[in-house]
Amino acid sequence: MHLTPGKLRGLRRMSDAHGVFKMIAVDQRPPIKGPIARHLGVEEAPWDQVARFKRLLVETLEARSTAMLLDPHYAIPHSFDVLSPARGMVVTLEDSLFEETGRGRLSASIDNWSVGKIKRMGGDAVKVLAWYRPDAGSDVVSLQRDYVRRIGDACAHFDIPFLLELLVYPLAADPHQTGAYAELKGKQCELVLASVEEFAKPDYGVDVFKLESPVNASDADGSATVQNLFDEMGHLAGRPWVMLSAGAGKAEFKAVLKHAFAAGASGFLAGRAIWLDAFSAYPDWVQIRDRLRGEAAAYFQDICALADEHAASWIAHPCYGAHGARFRPADSSFRHVYRDLGDI
């Protein structure tokens with residue numbers, strides 16, 4: 001894998017000087033909107049309440065992160081002015097509303113947003129969550145693959161890193177039904193691994209994977225059996241990858257990270273494991289802020305220390321060759337992306 005200037009620059013801005021990603025997700029919508037709406041007894045959470053919490057997350061935690069993942073609906077319009085220019089900014093492109101077809105889920109991008117728009121507004125990377133099951137209906141599988149491929153092509157065109165998140169979800173016949181953005185109970189590791197294997201193919205253009213644990217977080221017990229699954233996932237990814245928390249508790253997510261780092265993960269992109277306990281104090285905004293500054297920040301520092309000690313540098317990933325990730329001006333990819341600069 002060769003890196004063009006925009007992709008290399010974006011990846012550097014998302015990580016620390018040693019090539020480790022310590023990123024916080026602020027793009028969640030249903031996990032924040034749902035509790036607020038239930039507390040207020042309304043169908044739809046007020047925009048200002050959701051946006052206020054996201055701004056608090058940026059204000060209290062961004063200084064300790066290497067990058068923040070923001071969404072266009074709430075976080076960007078209400079937090080863009082407080083995000084430090086020293087932090088990387090990853091922007092989510094997929095809509096939180098997906099189509100449940102009965103044969104599987106279909107992802108879609110947020111209305112009036114695109115890879116080009118994210119690039120123009122200064123984003124350092126594009127993140128997309130693709131609901132994917134290799135055993136879903138063949139038409140759904142094909143459409144999901146096409147969707148990811150289009151995003152990858154656009155990221156190559158606009159020379160911006162593509163961060164792909166994959167989540168296995170329940171089909172209609174499965175026993176554990178949920179529409180929540182949470183880890184699927186009774187997870188089948190073979191589905192997780194097969195999904196990674198598919199999207200590691202070069203025609204999807206993925207630069208970094210954001211991956212779920214191949215086993216339920218509660219089963220990340222430090223055993224050799226579980227470690228072998230993480231090792232296989234890292235091998236299949238074939239490029240830098242980070243762990244997502246998928247709503248796991250603090251202790252469970254830390255156990256997952258130990259397996260992931262041993263398998264070559266280059267860090268994490270996590271949200272609820274860090275801030276969900278603080279959010280449970282809603283609508284007490286003073287307590288939320290205090291808990292974000294206290295227990296959430298302390299936990300974040302704890303997993304950052306774990307990453308500093310054990311995570312693999314993305315810069316040295318074998319996919320970039322013996323000399324690691326670097327820009328080679330003579331690459332045909334450079335000439336392709338920038339061949340028409342004289343027309344600007």
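Me: How many residues does helix α9 have, and how far does it reach?
Reply: Helix α9 (residues 250-262) has 13 residues and reaches 19 Å from its first C-alpha to its last. That is close to the 18 Å expected at 1.5 Å a residue, where the expected span is 1.5 Å times one less than the number of residues. Helices here are DSSP runs (H or I, at least four residues) and strands are runs of E (at least two), numbered from the N terminus. This is a predicted model, in which local features need pLDDT of at least 70 and side-chain atom pairs count only at pLDDT 80 or more, while totals for chains, interfaces and linings use all residues. Residues are numbered from 1 along each chain as its sequence is written, and side-chain values use heavy atoms, with hydrogens and water left out.

Me: Which residues of α9 are buried?
Reply: They are K250, F253, V256, L257, H259, A260 and F261. Buried means under 20% relative accessible area, exposed over 50%, and partly exposed in between (1.4 Å probe, protein chains only).

Me: And what do they pack against?
Reply: Against α8 (224-237), β9 (241-243), β10, α10 (272-279) and α11, with contact meaning heavy atoms within 4.5 Å.

Me: What follows α9?
Reply: G264, whose phi is positive, near 105°.

Me: On to α10. Why is it called largely enclosed?
Reply: Because six of its eight residues are buried, α10 is largely enclosed by the rest of the structure. Those residues are R272, A273, I274, W275, A278 and F279.

Me: How do α2 and α10 pack?
Reply: Helix α2 (residues 30-40) and α10 pack at an angle of about 10°, with their axes 12 Å apart. That makes α2 roughly parallel to α10, a term for angles under 35 degrees. The α2 side of the contact is P31, I32, P35 and I36, and the α10 side is R272, W275 and F279.

Me: Changing topic: is strand β10 covered on one face or both?
Reply: Both faces of β10 (residues 267-270) are covered, with G267 and L269 buried on one side and F268 and A270 on the other. Strand β1 (residues 21-25) runs parallel to β10 and is joined to it by four bridges, and M23 stands opposite L269.

Me: Last one: which residues touch the most other members of the largest nonpolar core?
Reply: L164, F209, W241, F253, F268 and L292, out of 100 residues in that core. Helix α11 (residues 285-310) gives the most to this core, with 11 residues. A nonpolar core is a set of buried Ala, Val, Leu, Ile, Met, Phe, Trp, Tyr and Cys residues joined through side-chain atoms within 4.5 Å.

Terms used: Pairing = 2+ DSSP bridges. Axes fitted to C-alpha atoms, helices over the stretch in contact; angles between N-to-C directions. Parallel < 35°, antiparallel > 145°, perpendicular 65-115°, else oblique.
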